[in-house]
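Take a moment to look over the chain before reading on. We will walk through it piece by piece.

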Amino acid sequence: VDIGFYIIKPCKCIIKSKYVINVILTEGKNRQLRRMCLKLGYKVIKLKRVRIAQYSLDNLKEGLIESFEK
């Protein structure tokens with residue numbers, strides 16, 4: 001998809017329901033997912049990141065991690 005200033009690499013999309021799509025990105029350009037959806041005629045209402053590389057974000061609390069605050 002050409003998002004205006006850059007042609008992004010392919011990503012994997014899994015349609016979960018009429019309003020929910022899981023997207024696996026292979027790169028992370030600024031506002032990439034929102035720009036992709038806009039180009040394809042979709043409006044993003046809510047985004048939720050669930051993983052970064054091999055690290056799941058399920059059990060993390062919101063905010064800074066104590067070890068980084070020291």
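Which residue in strand 2 is the bridge partner of C13? The partner is V23. Before going further, note that this is a predicted model, in which local features need pLDDT of at least 70, side-chain atom pairs count only at pLDDT 80 or more, and totals for chains, interfaces and linings use all residues. Residues are numbered from 1 along each chain as its sequence is written, and side-chain values use heavy atoms, with hydrogens and water left out.

Back to the strands. Strand 1 covers residues 12-15, and strand 2 covers residues 21-24. They pair in the antiparallel sense, over 4 bridges. Two strands are said to pair if DSSP finds at least two bridges between them. Helices (H or I, at least four residues) and strands (E, at least two) are themselves DSSP runs, numbered from the N terminus. A hairpin of 5 residues joins strand 1 to strand 2.

Now look at the cysteines. A disulfide is a covalent bond between the sulfur atoms of two cysteines. Here the term is used for a pair of cysteine sulfur atoms within 2.5 Å. How many disulfides does the structure hold? It holds 0. C11 has a value of 25%, so it is partly exposed. C13 has 48% and is also partly exposed.

Move on to the loop between strand 2 and helix 1. T26 is found there. It is exposed, because its relative accessibility is 55%. Which residues does T26 touch, not counting those up to four places away in sequence? It touches K9 and P10. Contact here means heavy atoms within 4.5 Å. F5 is 21 residues from T26 along the chain, and their C-alpha atoms are separated by 18 Å. R31 is found in the loop between strand 2 and helix 1 too. Its phi is positive, about 55 degrees, although R31 is not a glycine.

Next comes helix 1, which spans 32-39. K39 is placed in this helix. With 54% relative accessibility, K39 counts as exposed. Leaving aside neighbours within four places in sequence, K39 is in contact with V1 and D2. K39 and D2 are 37 residues apart in sequence, yet 8.0 Å apart in space, C-alpha to C-alpha.

Y42 lies in the loop between helix 1 and strand 3 (51-52). Its relative accessible area is 53%, so Y42 is exposed.

One last stop. A53 is found in the loop between strand 3 and strand 4 (55-56). Its phi is near 55 degrees, a positive value in a residue other than glycine. A53 counts as exposed, because its relative accessibility is 55%.

Methods:
Buried < 20%, exposed > 50% of the residue type's maximum accessible area, 1.4 Å probe, protein only.
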